[in-house]
Amino acid sequence: MPRTTRRDRYHHGDLRAALIDTAMELIAEQGVQGFSLAEASRRLGVAVSAPYRHFADRDELLLAVGVRAGELLATAVSAEIGGDSHEARLVAVARGYVRFAARRRALFEALFGTLMPAGEPEFERATQPVKGVFQTAATALAGGDPVAAELLGSAVAAVAHGYAGLLNLGMLGAGDDAVELAVARAEAATRALIAGRSALS
């Protein structure tokens with residue numbers, strides 16, 4: 001059977017999803033500043049007015065892209081979970097975060113830069129699976145102490161974001177080996193934080 005492409009998905013009433021996918025492609029190629037509804041329409045072969053049946057403006061489409069990015073981040077974290085211990089689950093968040101940053105670099109940089117307004121409800125729902133794992137594990141490892149849990153959680157988040165940034169700056173090398181190095185170092189640093197969590201307070 002012939003493969004269905006994004007260009008013809010709108011014929012089946014799926015223009016909204018096709019626009020989100022195309023926006024993600026354009027952001028990966030040109031960054032958020034280089035993205036426009038007109039370019040997304042051109043790439044899909046639809047009239048420039050067509051996107052407005054689904055999105056009020058560019059910002060609304062970018063919000064939908066941010067929500068999709070949150071879902072992809074949740075998927076990346078879920079793929080890393082290989083144990084039931086709270087330590088393993090917190091480590092999985094760090095590993096998945098770094099892999100997401102590597103595989104979706106432009107989207108990652110946009111998501112944690114200018115793409116997503118703080119506190120956006122749809123994004124909060126999309127990332128709730130990640131936050132749930134993160135908060136539950138940090139709270140359990142902190143013995144239920146909310147202050148200690150926040151200190152541990154923010155430290156792990158800083159480690160994950162830091163290694164993701166070093167990777168994307170090319171400071172750990174290039175290619176798959178660099179990704180695995182960043183993931184391994186984020187994991188090791190997270191385990192070290194968990195082991196020495198009492199020092200955080």
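The model is predicted, so to speak of local features takes a pLDDT of at least 70 and side-chain atom pairs count only at 80 or more, while totals for chains, interfaces and linings use all residues. Residues are numbered from 1 along each chain as its sequence is written, and side-chain values use heavy atoms, with hydrogens and water left out.

**The largest pocket**
- The lining of the largest pocket is made of 15 residues, and Tyr97, Val130, Lys131, Phe134 and Ala157 lie nearest its centre.
- Helices H4 (58-80), H5 (86-103), H7 (121-141) and H8 (146-168) each give two or more residues to that lining, and H7 gives the largest share, 6 residues.
- Helices here are DSSP runs (H or I, at least four residues), numbered from the N terminus.
- A pocket is an open set of points on a 1 Å grid over the protein atoms alone where a 1.4 Å probe fits, with protein on both sides within 12 Å along at least five of seven lines; lining residues have an atom within 4 Å of a point.

**The aromatic rings**
- The whole structure holds 2 aromatic pairs (ring centres within 6.5 Å; planes over 60 degrees apart count as edge-to-face).
- Tyr97 and Phe108 pair edge-to-face, 5.5 Å centre to centre with 90 degrees between the planes.
- Tyr97 sits in helix H5 and Phe108 in helix H6 (residues 105-115), so this pair ties together parts 11 residues apart in sequence.
- Phe100 and Phe108 have ring centres 6.3 Å apart and planes at 70 degrees, so they are edge-to-face too.
- Tyr97, Phe100 and Phe108 form one aromatic cluster.

- Tyr97 is buried at 13% relative accessible area, Phe108 at 5% and Phe100 at 2% (buried means under 20%, with a 1.4 Å probe and protein chains only).

Note on methods. Phe/Tyr/Trp six-rings, centres within 6.5 Å; stacked < 30°, edge-to-face > 60°. Buried < 20%, exposed > 50% of the residue type's maximum accessible area, 1.4 Å probe, protein only.
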